[in-house]
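User: Could you walk me through this protein, please? I am new to reading structures.

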Amino acid sequence: MEKRREINPEQFFGIVRKNLVWIFSIGILAAILMGVFSFLFIEPKYSSTAKLYVNSTQDQKTYITQADLTVAKSLVDTYIVIIESDSALEQVAQMAGVDYTPKEIRRILKAASLDGTEAFSVTVTDPDPEVALNIANAIVEVAPKEIVRVVEAGSVKIIDSPKMAEEPNDTGLSRNVIIGFFAGAVISFVSFFLAETLDVTIYDEEDIEGQFRYPIIGVIPAIVLPDAADKGKAKAKPKKGDKK
């Protein structure tokens, strides 16, 4: 079994300095590849958001107690469940004129409460901004009726109607480029580090001292043997036209 070469901190930073240009270059290359991949293969998506407010009762109170806020927080989850139900989303698909199943709409639908109140937002995200807007508008039309039908109390009001998205959502291009750079740099460094630690070749006396802990008694100098061609310099080469 081969013995791995031990690397001390000084040698560790030496590996970094020696291969810094390669590590940086590979990191840049990985960042470029990740950026190109994100630009070409990650489909941009558009979102339309609506905000709704639901009264839990028919009474119009002039003040809100802590108990009302607690009930509101629990009711918002109920309202979201109603909106994401198959019966509600089937009506949404029909009204929006899209060939989506309730399961497919749930994948592009996100509903969440706003600051723990009875107000909540509904966001629809789709590659087609017009489809996202149509589904969001359909939810605004269907949700109030479904919520009142199921809860049998209260009323629903629209705070903000959904609007057509003018720009796509962030595709994460910048994030992916940064991740690509660091991933490429780390992988390249690990490759250089492993190549260095697994290399047990003896290059100089320091390697002997480092691997075997033996003191160096003496060093045999390198002997350069004369080239075979130099031996024949004394023999004159026959020139063209000379007699043999």
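User: At what angle do the axes of helix H2 and helix H7 cross?
Analyst: The model is predicted, so to speak of local features requires pLDDT of at least 70, side-chain atom pairs count only at pLDDT 80 or more, and totals for chains, interfaces and linings use all residues. Residues are numbered from 1 along each chain as its sequence is written, and side-chain values use heavy atoms, with hydrogens and water left out. The axes of H2 (residues 20–41) and H7 (residues 173–197) cross at roughly 145° and come within 7 Å. Axes are lines fitted to C-alpha atoms, for helices over the stretch in contact, with angles from 0 to 180 degrees between N-to-C directions. Helices are DSSP runs of H or I with at least four residues, and strands are runs of E with at least two, numbered from the N terminus.

User: Which residues in H2 and H7 meet?
Analyst: Among them are Trp-22, Ile-23 and Phe-24 in H2, and Leu-173, Asn-176 and Val-177 in H7. Contact means heavy atoms within 4.5 Å.

User: How many helices and strands are there?
Analyst: The protein has nine helices and four strands.

User: In which sense do S2 and S3 pair?
Analyst: Strand S2 (residues 109–113) and strand S3 (residues 119–126) pair in the antiparallel sense, over five bridges. Strands pair if DSSP finds at least two bridges between them.

User: What stands opposite Leu-109?
Analyst: Val-124 in S3 stands opposite Leu-109.

User: And which residue in the hairpin takes a positive phi?
Analyst: Asp-115 does, with phi near 60°, in a hairpin that has five residues between the strands.
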